[in-house]
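Subject: Structure handover

Hello,

I am passing this structure on to you. Please open it first, then read the notes below.

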Amino acid sequence: MSNKLKAVIIGPGNIGTDLLMKMQRSEWIEPVWMVGIDPESEGLKRAKEMGIKVCAEGVDGILSHIVEDDIRVAFDATSAYVHAENSRKLNELGVIMIDLTPAAIGPFCIPPVNLTDHAKNLEMNVNMVTCGGQATIPMVAAVSKVQPVTYGEIIATVSSRSVGPGTRVNIDEFTRTTAGAVEKVGGAKQGKAIIIINPAEPPLMMRDTVHCLTESEPDQDAITESVHAMVKEVQKYVPGYRLVNGPVFDGNRVSMFMEVEGLGDFLPKYAGNLDIMTAAALRTAEMFAEEAAEGSITLPARG
Amino acid sequence: MNLEGKQVTLHDMSLRDGMHAKRHQISLEQMVAVASAMDAAGMPLIEVTHGDGLGGASVNYGFPAHTDEAYLKAVVPQMKQAKISALLLPGIGTVDHLKMARDCGVHTIRVATHCTEADVSQQHIGMAAKMGMDTVGFLMMAHMITPEKVLEQAKLMVSYGANCIYCTDSAGYMLPDEVSAKIGLLRAELPSEIEIGFHGHHNMGMAIANSLAAIEAGAVRIDGSVAGLGAGAGNTPLEILVAVLNRMGAETGIDLYKIMDVAEDLVVPMMDQPIRVDRDSLTLGYAGVYSSFLLFAQRAEKKYGVSARDILVELGRRGTVGGQEDMIEDLALTMAKAKQA
């Protein structure tokens with residue numbers, strides 16, 4: 001018997017399609033449904049061609065199939081506005097929700113930092129923060145593991161082509177959510193996030209800078225070791241995650257300069273910001289599946 | 001050129017763009033003294049914010065001597081006729097900062113985006129307009145795109161509620177013909193009630209000439225700074241612009257001798273380094289690079305032994321935009337490694 005958990009993807013846009021392509025290679029998650037709201041959408045057509053079931057009536061259209069198809073996990077790549085209802089309806093049926101929207105109903109999840117805890121606690125809704133958060137918070141956490149960080153600041157620079165209308169209309173949500181997660185998950189006492197959108201052609205690869213101010217003089221060797229170890233952890237699910245320069249030490253400032261190259265599944269390689277979201281979301285679901293297979297958590301019972 | 005009888009609103013940048021040149025370390029006393037003297041000289045609009053706008057306090061851009069709130073609360077109540085403006089860059093500052101500025105008595109909000117990314121300003125322009133503020137859309141690094149593209153992005157900002165649009169030469173790259181073409185098209189195509197503004201830098205020695213070209217083409221708001229205190233080779237020096245406009249018969253409402261005195265007696269003595277067109281600031285203009293990168297590139301030169309000019313030219317080649325200060329240390333580290341290899 002397969003240990004794979006069956007999944008539904010809500011939102012057949014760029015993110016949903018990229019997620020589907022990654023999922024088709026997964027040893028732990030099996031995509032079954034793609035849910036949209038427009039029967040004519042390119043995304044649903046693509047999903048159908050890729051051999052999975054499609055539904056154009058929103059989440060309500062699949063509720064009756066959840067138990068019969070044994071759906072255990074859902075990925076929501078729609079918007080913060082509809083996420084709460086999607087989550088409520090699916091949670092009720094015992095489906096674990098991985099939230100790729102900025103809704104952040106559930107706890108923030110940065111896989112190498114706190115995913116194991118969320119899986120062991122069987123959190124029924126986890127939020128994937130933001131692309132900038134996925135790329136940088138592991139570094140903040142790597143430093144705060146060694147010693148207290150009074151201030152963590154991240155600067156995410158992304159290609160104009162990789163920033164969708166949802167992010168643009170509410171860019172404050174990016175800075176607020178990311179700064180909050182730098183504190184809650186990264187462990188910095190105070191967090192700050194900046195996003196820069198660059199229209200250069202050919203598009204630039206996602207790059208991120210992380211500055212930490214440590215409470216006392218930084219332990220350079222221990223921080224360097226911790227940072228390199230954390231980079232390796234992220235590379236397990238995002239192979240194109242690279243430390244370009246650093247850690248650089250200047251007084252109590254510790255700085256890391258990162259670059260994130262995507263796998264180029266559906267989204268282009270420069271869009272490492274989108275790729276790290278889909279990769280982290282899939283990694284999250286896989287961890288739940290692994291824990292369930294090992295018997296350390298028990299998925300909600302079904303009659 | 002005939003500017004006879006034209007009314008021009010000058011907008012001082014020395015206490016905001018000048019913050020770049022002062023590493024954001026202007027004291028509260030200096031802020032109040034300079035703003036009060038400008039107020040007395042008849043300056044109608046004065047910008048007071050961190051160099052990178054509201055919320056700019058950061059490792060990336062530099063922590064200021066005081067918060068935006070402290071500066072605004074110190075300056076605004078002292079003004080007799082001048083209005084105070086604040087700058088906001090979406091992605092750095094948020095609507096929370098905007099509301100704070102409004103509560104401090106700020107009259108004008110200027111929402112700045114890279115010239116191709118106007119659609120990130122909808123929240124902020126919308127909120128400022130809704131609160132009844134004088135709301136300006138500020139398209140930075142406008143030398144990088146065609147006049148038609150500037151117009152397209154300006155129309156977006158107008159649709160969100162901006163009542164004034166700026167064509168901003170953040171790199172001090174433009175020559176007068178380009179300014180004429182861009183401002184001219186904005187003036188021809190935007191509704192007549194929308195004001196047009198121009199913000200220049202002196203990196204190619206063109207700030208006065210460009211400002212005149214902008215006025216001729218229809219701009220009614222011109223940014224500059226007393227004694228040129230601003231990023232790069234500074235902004236359009238306002239005391240010079242006032243003198244030139246006086247000679248041409250354009251009207252600014254500013255007392256020339258008083259503004260000369262502010263420049264000479266208050267602002268020049270504040271400068272940490274001469275603000276002039278030199279090798280590095282000229283490179284900014286020549287390579288089309290964001291003016292506030294200057295001091296960061298010079299610091300990287302000292303720390304990593306890579307020439308500031310080489311760093312700036314490479315930043316231009318890579319198409320960096322405003323706000324990418326973090327790229328400078330990263331690039332200097334990479335260039336230093338390449339030198340060793």
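Here is what was found, starting with the ground rules.

This is a predicted model, in which local features need pLDDT of at least 70, side-chain atom pairs count only at pLDDT 80 or more, and totals for chains, interfaces and linings use all residues. Residues are numbered from 1 along each chain as its sequence is written, while chains are lettered from A and ligands numbered from 1 in the order in which they are written.

Chain B overall

Chain B holds 14 helices and eight strands. Helices (H or I, at least four residues) and strands (E, at least two) are DSSP runs, numbered from the N terminus. The C-alpha atoms of chain B fill a box of roughly 60 × 45 × 40 Å along the principal axes.

Buried residues make up 59% of the 341 residues in chain B. Buried means 20 or more other C-beta atoms within 10 Å of the residue's own; exposed means 12 or fewer, and partly exposed lies in between, with C-beta atoms placed from the backbone. Of the contacts in chain B with a separation of 6 or more, 76% join residues 24 or more positions apart. A contact needs two C-beta atoms, placed from the backbone, within 7 Å.

Domain 1 of chain B puts 14 residues into the contact, and domain 2 of chain B puts in eight. The domain 1 side has six nonpolar, six polar and two charged residues. Here Ala, Val, Leu, Ile, Met, Phe, Trp, Tyr, Cys and Pro count as nonpolar, Asp, Glu, Lys and Arg as charged, and the others, Gly among them, as polar.

The annotated sites

UniProt, in an unreviewed entry, places a "binding site" at Asp17(B), His199(B) and His201(B). These three span 185 residues in sequence, yet no two of their C-alpha atoms are more than 10.7 Å apart, so they gather at one spot. UniProt positions follow the numbering used here, feature names are shortened, and annotations may be inferred rather than shown by experiment.

A "binding site" feature in the unreviewed UniProt entry also covers Arg16(B), Asp17(B), Ser170(B), His199(B) and Tyr290(B). The entry places an "active site" at His20(B).

Now residue by residue. The contacts below leave out neighbours within four places in sequence.

- Asp17(B) sits in helix α1 (residues 17-21). It is buried, with 28 C-beta neighbours inside 10 Å. Its contacts are Gly51(B), Ser225(B), Gly230(B), Ala231(B) and Asn235(B).
- His20(B) is in helix α1 of chain B too. It is buried, with 27 C-beta neighbours inside 10 Å. Its contacts are Gly51(B), Gly230(B), Ala231(B) and Ser292(B).
- Ser170(B) lies in the loop between β6 (164-168) and α7 (176-189) of chain B. It is buried, with 31 such neighbours. Its contacts include His201(B) and Tyr290(B).
- His199(B) belongs to strand β7 (residues 195-199) of chain B. It is buried, with 30 such neighbours. It touches Tyr166(B), Thr168(B), Asp169(B) and Asp223(B).
- His201(B) is in the loop between β7 and α8 (207-217) of chain B. It is buried, with 33 other C-beta atoms within 10 Å. Among its contacts are Asp169(B), Ser170(B), Gly230(B) and Ser291(B).

Where chains A and B meet

In the contact, 26 residues of chain A meet 24 residues of chain B. On the chain A side, β8(A) gives the most, with six residues. By class, that side has 12 nonpolar, eight polar and six charged residues.

Gly132(B) follows α5(B), and its phi is positive, near 75 degrees.

Best wishes
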